[in-house]
Amino acid sequence: MPRTASPHLVSGAGFTVLVAVLTGGLGVAVAFAIGVGTVDVPVGEVVTVVWAHLFGGTDALDPLTDQIVWQFRAPRVLLAALAGGGLSLAGVCLQTLVRNPLADPYLFGVTAGASLGAVIALTAGAGVVAGLGVAGAAFAGALASLAAVFVLAQRGGRLVGTSLVLAGVAVAALGNAATSYLQLRANPAELRGVMFWLLGSVAGAGWPDLAAPAVATAVVVVWLFTRARPMNALSVGDDTAAGLGVNVHRLRILLLVASSLLTAAVVSAVGGIGFVGLIVPHAVRLVVGPDHRRVFPVSLVAGAVFLVLVDLVTRTVDRPNEMPVGIFTAALGAPFFLVLLRRRKRALR
Amino acid sequence: MRVVVDGVSVAIDDNPILNGVTLAVRSGGVTGLVGPNGSGKSTLLRCLYRALRPATGTVLIGPDEVWRSSARQVGRRVAVVTQDHDLDNDYSVRETVAMGRTPHQGLLDRESQADRDIARAALERVGMGWAGHRVFATLSGGERQRVLLARALTQQAPVLLLDEPTNHLDIGAQLELLELVRGLGLTTIAALHDLDHATAYCDQLVLLHRGRVIATGPPADVLSPDRVAAVFGVRGAIAPHPITGRPHFVTAPPA
């Protein structure tokens, strides 16, 4: 048996190739997604416009094409990429920190808190919450729910995986109940906006919307890449991790805070896009194995590609209408995921 | 490396689990922790590898107190085979063993050739060199325990802790594992259920009962018939083994 033999679908040099292909694929997907819309712009022109904005020479551009590409489409496509990558990473963190395959940003109440904040802002019309804006209110709601989960789950300053899941589920249920109540009381005009927000959408995104998710993702990515090895240890057991010299309690608290802030930043900008944080990490593990040093980079890029493509589908499937992203993340993600899962079972046999 | 436990008490939800446990383990040799279920064996081990902070008392591994050292420092001195290993993931055997280098690597260090060599040698040493490419969770129980032992060896720590390492193994795998541990020459502390194994493979026993140390010393002294009757509620005796002639612990139901 060669030394490099591995039970994972992709390993060794194949891993480098996979990351390169995915990164290249992300570039192509972004350029293509920017080009497609009510007015189609050829990929070559998209590249020209983006190039001009990055390296100078915008004067020579056609103003209309420039506006479509740079003002309308580029921010939304990049926001989709950021949201996909960010939610996938948050999912990896949460699944590892509670060692529960069902964990995702949805399960921990953070999304529910953000939704409640956003829905209050959307239905209140005026007042303090409306003053925060939808994104601000969503972020505040996410932080409040994180604080609630933390207080409920901790025992003497320590977090235990099971209590964390239960506290997260309880806070999420509470948040969803309040959100449902507000939905029932909303008038029909507000209701459509509420539904759209709850199912997630990157429609109408502008450059300022990118700031918070971009900063949050960048900071968390850098930090996470230094924690891959302790997270491997944590993913096989608390006692095992302690025996391998990992400060389990501190790591768990930091992971919870990091993944929650990341989720809050993303969800405030795009709404409640579900399923990405659950499915992308699992799909990635099925391909490269569970080692976080591989799972992180691949999840980041694969999540970005996935959401860029899903966003593309949401605005082309029923032109000129747009659909919420959340519908398609599940509709497209679930079958793909099940195929991968069946392959894994066969490989293990 | 010496291990000294001094006055360690632990309570979980106001239930006292350990009550002023004091013991000293010399460098080298195998020490067995024995006692009935719930006597505090696993809890005591968890205090040694920094998974549980005692309410009172100190634990010295070598010269340093465990809770005054960083988790990483303790990870370089103490390696442990625990019972909590999650099987719901697809780590390969090689990846599982390589985790043993965790306390030696910096945050951004890549796995070096030296790390890989250490892991491979450990895997060979436990006789599992052929299994590097296998998924850990698909191995048999005995094979898994040997791989976890290899991971502990990969930590290159002078102290080895084993929490009921022979649980769920067939008798052949049990003896194989204990022979292997015995031959390593590390300062070893093992929680063991089987008093015959404890007699055959340990230099020293620590008998725990209701969170207290009842006796320490050579197996034949610790497992006196009176004490075994009082602690375990069975009759026990040490007799020469019919095959090997070495001391052998036999039990019978109470009279």
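**Note on a predicted two-chain model**

1. Helix α1(B) itself spans residues 41-48 and is mostly covered, with six of its eight residues buried. Those six are Lys41(B), Thr43(B), Leu44(B), Leu45(B), Cys47(B) and Leu48(B). Note that the set includes Lys41(B).

2. Two further residues of chain B deserve a look for their backbone angles. Asp13(B) is not a glycine, yet its phi is positive, near 50°. Asp13(B) sits in the loop that joins β1 (3-12) to β2. Asp13(B) counts as exposed because its relative accessible area is 55%, and the cut-off for exposed is over 50%. Gln156(B) also has a positive phi, about 50°, without being a glycine. Its place is the loop between α5 and β7 (159-163) of chain B. With 46% relative accessibility, Gln156(B) is therefore partly exposed.

3. Now take helix α5 of chain B, residues 141-154, which holds Gln145(B). Is Gln145(B) buried or exposed? Gln145(B) is buried, because its relative accessibility is 13% and the limit for buried is under 20%. Which residues does Gln145(B) contact, once neighbours within four places in sequence are set aside? They are Val81(B), Pro165(B), Leu169(B) and Leu177(B).

4. Chain B has an open sheet of four strands. The strand order is β2-β1-β4-β5, and the pairing is antiparallel. Its edges are β2 (15-25) and β5 (64-65), each of which pairs on one side only. Strand β4(B), residues 56-61, pairs with β5(B) over two bridges, in the antiparallel sense. In one of the details to check, Leu60(B) has Glu65(B) of β5(B) as its bridge partner. Strands of a sheet pair through backbone hydrogen bonds, either parallel or antiparallel.

5. Next, the nonpolar cores. The largest has 130 residues, and Leu164(A), Val308(A) and Leu161(B) make the most contacts inside it. Helix α3 of chain A (residues 63-98) gives this core its largest share, 18 residues. Another core lies apart from it, with 44 residues, including Val93(B), Ala119(B), Cys202(B) and Val231(B). In soluble globular proteins, nonpolar side chains tend to be buried together.

6. Leaving out residues up to four places away in sequence, Val308(A) touches Leu26(A), Ala29(A), Val30(A), Ala33(A), Val77(A), Ala80(A) and Ala81(A).

7. How much area is buried between chain B and chain A? The figure is about 3,100 Å², and carbon and sulfur atoms give 50% of it. In terms of contacts, 42 residues of chain B meet 35 residues of chain A. Asp90(B), Tyr91(B) and His133(B) supply 19% of the area that chain B buries against chain A, more than any other three residues.

8. Three salt bridges are found across the interface of chain B and chain A. Glu111(B) forms a salt bridge with Arg229(A), and their closest N and O atoms are 3.9 Å apart. On chain B, the side touching chain A draws at least two residues from each of α2 (71-77), β6 (78-81), α3 (93-98) and α4 (113-125). Of the elements of chain B, α2(B) gives the most to that side, with three residues.

Key
Residues numbered from 1 in each chain as written. Chains lettered and ligands numbered in written order. Predicted model: local features only at pLDDT ≥ 70, side-chain atom pairs only at ≥ 80, totals over all residues. Heavy atoms only, no water. Buried < 20%, exposed > 50% of the residue type's maximum accessible area, 1.4 Å probe, protein only. Contact = heavy atoms within 4.5 Å. Pairing = 2+ DSSP bridges. Core = buried A, V, L, I, M, F, W, Y, C linked by side-chain atoms within 4.5 Å. Buried area = accessible area lost by both parts, 1.4 Å probe. Salt bridge = Lys/Arg side-chain N within 4 Å of Asp/Glu carboxyl O.
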